[in-house]
Each structure stands twice: as C-alpha cells, then as structure tokens.
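Here's a quick briefing to read with the model open beside you. Take it topic by topic and find each residue as you go.

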Amino acid sequence: MARHRLASVAIIAGTVVAIVAQRGAPIAGPPLYDGVVVVAPYAWLSPPHGLHSGAKSDRETFPVSNGGFGAQTQEQPPQAQVSLDFGSLLMPAGTKSVIVTIRPVPPPSVAPSDGIVAGNVYRIEASNQAGEAVQVRPGSQITVILRGPTSLLAAYVELFAGGTWTSEDTDPVGVPDMYTTLVGSFGDFALVSPDATWVPDGETGPPPTAAATAASAASSATGDAAPQTSATATDSSAKPSDGSRRSGPTANAGSAHGTAGQGSCLPLTQIGAVAIGLLVILAAGFIMTRPVRPPGS
Amino acid sequence: MHLSNERPGDKATQGLGAVDYFSAFGGTAAGHAVATAALLGIVVTVRWRLYLAQSVDGVGEGLLFGIALLLVAAFAGLRPVLPSVRGLAAGALAGLGLVAMALLVRWPAQPLPLGHAAAFVPWAVATVTVATSEEMVLRGALWRWTGEAGGDVMALLVTSVLFALIHVPVYGLSVMPLDFGVGLVLGGLRLRYGGPAAPAIAHVVADIATWWL
C-alpha cells in the first residue's frame with residue numbers, strides 16, 4: 001500500500017513539474033523532446049564548396065482570429081520558423097488577414113562582433129492583405145527558430161537591425177543544430193557561432209564569391225517560393241560579406257561525415273567510436289558474467 | 001512481483017549476465033547501480049558524438065543507441081517481467097495524458113513543426129527502440145539496483161534525474177525540468193505496476209505522437 005501511495009505521489013508531482021516546465025518553456029516543443037528526428041542536409045542560399053544549395057522560403061496567409069499561427073521554410077526540418085499569435089501583433093486598421101514571409105537573404109556587410117554567421121540570414125516579415133506592415137506589439141514576443149549547418153556546437157540567434165547585430169537569449173530546440181529565441185520584432189535573423197574558427201562540415205574549398213552570393217540571392221528572389229513584401233524593419237544590405245563565414249583551413253574536408261552528400265568519405269571516426277562503445281559494453285558484460293568464486297576458495 | 005524486493009545474489013532473480021556482477025563492482029547493489037549508470041553514460045556520450053557529427057542519419061543513430069542500451073540493460077541484470085494487461089493499459093493512458101498535457105498547457109501556441117525526412121515505419125522502429133531501451137535501463141536494471149540499495153524513493157529520484165540528464169547533451173539544459181517531471185510520472189508507473197513495461201508503453205506512445213505534432 002505504501003508503494004502505491006508513493007506511486008500516486010510520484011505521478012501527481014511529476015505531472016505538476018511537467019506542466020510548470022512546459023508552461024515556462026520557450027517554445028511549444030514535442031511533449032518529451034525525445035523523438036528520433038531525421039535531418040536533411042543544410043541548404044544554403046549560397047553554398048560553400050561541397051555543400052548544398054536550395055535554401056527555401058515560405059509565405060503563409062492567415063485570416064485574423066484569436067489563435068496562434070506560424071510559418072516555416074520547406075526544408076526538413078525547416079531551417080527557419082516563426083510562431084506567433086494575433087494578440088502579439090500591431091495590425092493596421094482594416095486588417096483581415098496577415099501574410100507572414102520567411103526568405104533567405106544575402107548577409108549584410110556588417111559581421112557580428114561576437115562570432116560569425118553560421119548559415120543563412122533569414123528575413124522574417126509580416127504584412128496585411130493590403131501590403132501594409134504588421135509589427136510585433138510592444139511588450140509582446142514572437143518565437144523564431146533557426147537551424148544551422150552541421151557541427152554547430154553552440155550558436156546564438158542574432159537580429160540584424162540598424163546596422164548592428166544583437167544577440168538574443170537562445171535555447172537549443174532538441175533537433176540537431178536548431179535554436180530558438182523569443183524576440184520583440186520581425187527582421188533579419190541568423191545563427192551566430194561564437195567560435196570564430198567554425199567552418200561547416202563537408203566544406204571543401206574557399207567561401208563563395210560576392211558575385212555568387214548575389215546571384216544565388218537573385219535566383220531565390222525570383223523563385224516561386226520567394227515572396228515579395230514590403231513590411232520590413234531592418235537595414236540589411238544586399239552586399240555580401242566575407243565576414244559572414246570564414247573559410248579557414250579545410251580541416252573538415254574529407255572528414256568523417258556522410259550526411260546525404262555533405263561529405264563523401266566513410267565516417268570511420270564515428271564508426272570507430274561506436275565500435276569502441278559496443279566493445280566496452282561487451283567487455284562489461286563479460287566481466288559481469290564471470291563465474292562466482294565463493295569467498296575463501 | 002516487484003524487482004526491488006529481490007535479494008542480491010539470489011540466482012532466481014538474476015537477469016542475463018548478472019551472475020558475478022556484485023563481486024566485479026564491489027559486491028553491493030550500490031556498486032552495481034553505479035556501474036550501470038556509468039555504462040549508460042558511455043552510451044549516451046557515444047550517441048552525442050554521433051549526433052554532433054551527423055555521420056549517420058537520425059534513424060540509424062536511434063537504432064544504434066537503442067541497441068546499445070538494450071545491451072546495457074541485459075548485461076546489467078535486467079530481468080524481464082511479464083507485464084499485466086492493466087499495466088499496459090495504464091501505460092498507454094499515461095502516454096496519451098502526457099501528449100494531451102503538452103498540447104493543452106501551451107494552447108493556443110502551435111507545436112514545433114519538425115517535418116519528416118524519413119518514412120514512418122523506420123522512424124517508428126527507431127523511436128520505439130530508443131524509448132523502450134531507455135526504460136529497460138532506467139526503470140528496469142537501474143531501478144532494480146538503486147531500489148535494493150536505497151529503497152523505492154531512492155530509485156525514483158535517481159532514475160528520474162538520470163532520465164533528465166541523458167537528454168541534456170542533445171536537447172540542452174532547458175529540457176531538464178520537463179524530463180525530470182516526466183521521469184517522475186514514468187517512475188510512478190514503475191512503482192504501481194511493478195516493471196518497466198508500463199513506463200515503456202507510456203514513453204513509446206508519447207514519442208510516437210511527435211510524428212503528428
């Protein structure tokens with residue numbers, strides 16, 4: 001009976017703790033943060049050598065209501081997402097629907113002072129059916145989620161506005177290289193790696209030229225997934241910057257990463273690590289299964 | 001029958017590979033628990049490295065992680081216990097309750113859209129393997145030894161804390177309160193129904209639900 005009572009206490013206490021934790025969580029994540037997530041290669045607006053292009057945009061229209069809504073780019077998992085509700089928006093009079101757009105844009109000419117941009121810069125905007133800008137209500141916040149390239153050990157979501165980068169309080173989401181933050185405005189967002197030597201896994205050459213970046217941006221802007229809206233509160237230049245990502249030594253070139261084209265070599269290091277782990281387990285099992293020798297024998 | 005009532009050294013209660021475990025690790029249930037936790041830590045660390053490198057896809061990573069955990073559970077002395085129908089039903093209900101709680105608490109915010117880059121069947125196999133194997137280790141083998149060493153409360157707290165800790169490398173520190181709370185719920189199921197089956201069912205249901213969330 002005491003055990004049943006303890007079980008009831010544990011279930012009730014655990015439920016209360018879980019509710020409080022969910023309520024205070026920065027995002028509405030999966031219930032247990034524990035599913036097996038399959039990740040497609042990172043798609044760049046202007047890919048470094050050896051990596052993938054094809055960064056996508058999103059444009060969603062939502063009739064005004066009392067609920068929440070969101071938009072996300074079309075990769076799997078999405079590389080940029082925004083989640084918000086109508087109560088957090090400052091909408092022009094007569095607004096019947098809100099159009100949310102997310103699109104990759106060339107990085108601004110100004111590099112962050114506390115790291116390097118890791119991945120694409122995404123412009124997140126909102127407008128109403130007439131094309132008038134919709135802003136975040138003062139004091140309210142929206143959720144921005146960005147996914148970076150492979151091997152991003154740590155990163156912060158930063159907002160580029162007024163010619164400067166601002167670091168936001170950032171949490172990992174639970175999906176590889178994905179981070180989230182709560183922000184008080186729309187604008188240009190990017191993940192910034194505090195490691196100034198960071199390079200994306202699988203990169204096999206120098207960074208793309210300014211012309212290539214501009215060409216990719218132009219291609220994206222004319223694509224069917226690239227929306228054209230007027231609502232932006234940012235000051236992002238279309239001029240690409242070498243500061244957006246340092247090429248560094250090609251330390252990861254030919255390294256052990258084979259995620260769907262992000263590298264062509266066998267992941268020998270990781271296979272070795274797994275093999276060692278399994279050997280350790282087998283060895284431990286062997287130790288555990290040794291015959292018992294009676295004391296004193 | 002509750003595993004934590006079993007006596008160390010009683011061969012009738014030993015699981016696979018647990019014949020000489022006590023003498024190999026100090027001859028106590030506490031030593032056995034520490035050794036089991038250390039093995040768990042090694043497997044979690046290897047999985048973390050795979051996760052960072054993304055050298056295998058998510059399904060492969062999950063399967064490797066799950067298989068390694070099942071080996072840990074087997075070698076650490078997990079003794080399979082036939083689950084009761086009531087336990088399985090309660091586990092399924094608890095899993096659905098966890099999902100409903102997550103949705104209701106955050107209403108009207110939408111769940112995070114993760115997208116799917118794998119077919120459902122291989123993803124589900126990997127997810128079920130991971131969830132079940134975590135329960136086999138934590139609320140199976142480890143519960144057994146911590147329960148014998150320090151009682152039910154000790155087993156509940158240790159397994160709940162470790163359940164939260166093993167998710168930190170991949171999901172960050174912010175996940176600890178939530179997973180500790182969920183660990184308590186799963187531990188409560190373990191206490192109530194006497195084996196890892198009920199918490200495993202709850203864990204599987206909650207994880208599988210993420211496909212649609």
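What follows covers salt bridges, a sheet and a surface patch.

This is a predicted model, so local features need pLDDT of at least 70 and side-chain atom pairs count only at pLDDT 80 or more, while totals for chains, interfaces and linings use all residues. Residues are numbered from 1 along each chain as its sequence is written, chains are lettered from A and ligands numbered from 1 in the order in which they are written, and side-chain values use heavy atoms, with hydrogens and water left out.

**Salt bridges**

- Side chains of opposite charge can pair when their charged atoms come close.
- Over all chains, the count comes to 6 salt bridges (a side-chain nitrogen of Lys or Arg within 4 Å of a carboxyl oxygen of Asp or Glu).
- One of them links B:Asp152 and A:Arg3, with the closest N and O atoms 2.8 Å apart.
- That pair joins two chains, because B:Asp152 lies in helix α5 of chain B and A:Arg3 in helix α1 (residues 2-24) of chain A; helices here are DSSP runs of H or I with at least four residues, strands are runs of E with at least two, and both are numbered from the N terminus.
- B:Asp152 and A:Arg3 are both buried (buried means under 20% relative accessible area, exposed over 50%, partly exposed in between, with a 1.4 Å probe and protein chains only).
- A:Glu125 pairs with A:Arg103, and here the closest N and O atoms are 3.9 Å apart.
- A:Glu125 sits in strand β9 (residues 121-128) and A:Arg103 in strand β7 (residues 97-105), both of chain A, so this bridge ties together parts 22 residues apart in sequence.
- A:Glu125 counts as buried because its relative accessibility is 1%, and A:Arg103 is buried at 13%.

**A sheet in chain A**

- In chain A, 5 strands make an open, antiparallel sheet in the order β4-β5-β11-β15-β14 (two strands pair if DSSP finds at least two bridges between them).
- β4 (68-72) and β14 (171-172) stand at the edges with a single partner strand each, so one side of each has no neighbour in the sheet.
- β14(A) pairs with β15 (residues 178-183) over 2 bridges, and A:Asp171 has A:Thr180 as its bridge partner in β15(A).

**A surface patch on chain B**

- B:Phe120, B:Val121, B:Val125 and B:Trp212 make a nonpolar surface patch of about 420 Å².
- Patch residues have over 30% relative accessible area and no salt bridge, with like charges joined within 9 Å and nonpolar side chains (Val, Leu, Ile, Met, Phe, Trp, Tyr) within 5 Å; accessible areas come from the Shrake-Rupley method with a 1.4 Å probe, and for residues only the protein chains shown count as cover.
- B:Phe120 lies in helix α5 (residues 120-165) of chain B and counts as partly exposed, at 31% relative accessibility.
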